[in-house]
Amino acid sequence: MNQKPAQHQSYPILYSLRNCPYAMRARIAIFKAKQTVLLRDLVLSNKPTEMLKASPKGTVPVIVLKNGEVIEESLEVMLWALNETDPEDLLHRSNEQMLTEMLTLINDFDSEFKTRLEQYKCAKRYQETNVTECREACEQYIEKLEQRLNQHGFLMSNKESLVDIALLPFIRQFARIERQWYLQSPYPKVRQWLNGYLQSPMFTKVMAKYPLWLDNHEEVLFTAEHKNK
């Protein structure tokens, strides 16, 4: 987190990119936490000066809190939102050990699976000869999720958790690379889990398309309660 001079604003400001998996999971957590933010959608080829001043690294998501504090990592944005309010107990507060396990699993996917996922996407996009090899490298992680989902309805237990919404955007990407293979792959529980999210009203609302903020500087309220400009 970076500390910036305090400024007056009604809501935290979230700089986001609609299809970026990191920005997506931050929006899901904010939605689940029933927090309200001012959403500023952007494209990476045209980054707002205001965002770059807050976070010079220039990646999304970035959230500027009402006191001027800046959070610029997706997992930290998720934890901020759920530490503010967590009506569905996604952090499993009664079990501190489980939170540690959740953060470890998320880190494994962020640091290891994501690299293999990018290699798989590139191999498919450029029709390279190692597509199957790249997919199999990803499958090692998908198999572990399948094993978890064979034991309970969500990745940590029968109750949804931080892990589910943190990994969701990346498993969605995996499923889209070789769609026909995925639909017949030996991971029925992963498919069921993913479909449950993709077909949910929550996901539809989180993935709603908004005007780009730089086009007209219209302020958009992003919240689970309502949606207006």
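Colleague: Let me start with P48: is P48 buried or exposed?

Modeller: Keep in mind that this is a predicted model. To call a residue buried, we want under 20% relative accessible area. P48 has 2%, so P48 is buried.

Colleague: Where does P48 sit, and which residues does P48 touch beyond those up to four places away in sequence?

Modeller: P48 is in the loop between β2 (37-41) and α2 (49-54). Setting aside residues up to four places away in sequence, P48 touches Y15, L42, W213 and L214. For a sense of distance, take W181, which is 133 residues from P48 along the chain. The C-alpha atoms of P48 and W181 are separated by 39 Å.

Colleague: And the whole protein: what are its spans along the principal axes?

Modeller: The C-alpha trace covers about 50 × 45 × 30 Å along those axes. Now compare the radius of gyration with the value for a compact globule. With 229 residues, such a globule would come out near 17 Å, and the protein has 18 Å, which agrees. The fold holds ten helices and five strands, and 52% of the 229 residues count as buried.

Colleague: How do I read the contacts by sequence separation? What share comes from residues 24 or more positions apart?

Modeller: Take the contacts with a separation of 6 or more; residues 24 or more positions apart account for 70% of them.

Colleague: Charge next. How many positive and negative side chains are there?

Modeller: There are 30 positive and 29 negative ones, and the centres of the two sets lie 6 Å apart. As for the surface, the accessible area comes to about 11400 Å², with 47% of that belonging to carbon and sulfur atoms.

Colleague: How many disulfides does the structure hold?

Modeller: First the idea: a disulfide is a covalent bond between the sulfur atoms of two cysteines. Here the structure holds zero disulfides. C122 has its nearest cysteine sulfur, that of C134, 8.8 Å away.

Colleague: What about phi for D89 and H92?

Modeller: D89 is not a glycine, yet has a positive phi of about 55°. H92, also a residue other than glycine, has phi near 50°. D89 is in the loop between α3 (74-84) and α4 (96-125), and H92 lies in the loop between α3 and α4. At 5% relative accessibility, H92 counts as buried.

Colleague: Which residues is S161 in contact with, leaving aside neighbours within four places in sequence?

Modeller: H92 is one of them, along with L90, M102 and M156. S161 lies in the loop between α5 (131-151) and α6 (162-177), and is buried with a relative accessible area of 0%.

Notes
Residues are numbered from 1 along each chain as its sequence is written. This is a predicted model: local features need pLDDT of at least 70, side-chain atom pairs count only at pLDDT 80 or more; totals for chains, interfaces and linings use all residues. Side-chain values use heavy atoms; hydrogens and water are left out. Helices (H or I, at least four residues) and strands (E, at least two) are DSSP runs, numbered from the N terminus. The radius of gyration is taken over C-alpha atoms; the globule rule is 2.2 Å times the number of residues to the power 0.38. Buried means under 20% relative accessible area, exposed over 50%, partly exposed in between (1.4 Å probe, protein chains only). Contact means heavy atoms within 4.5 Å. Accessible areas come from the Shrake-Rupley method with a 1.4 Å probe; for residues, only the protein chains shown count as cover. Lys and Arg count as positive and Asp and Glu as negative; His and the chain ends are not counted. The place of a charge is taken as NZ of Lys, CZ of Arg, CG of Asp or CD of Glu. A disulfide is a pair of cysteine sulfur atoms within 2.5 Å.
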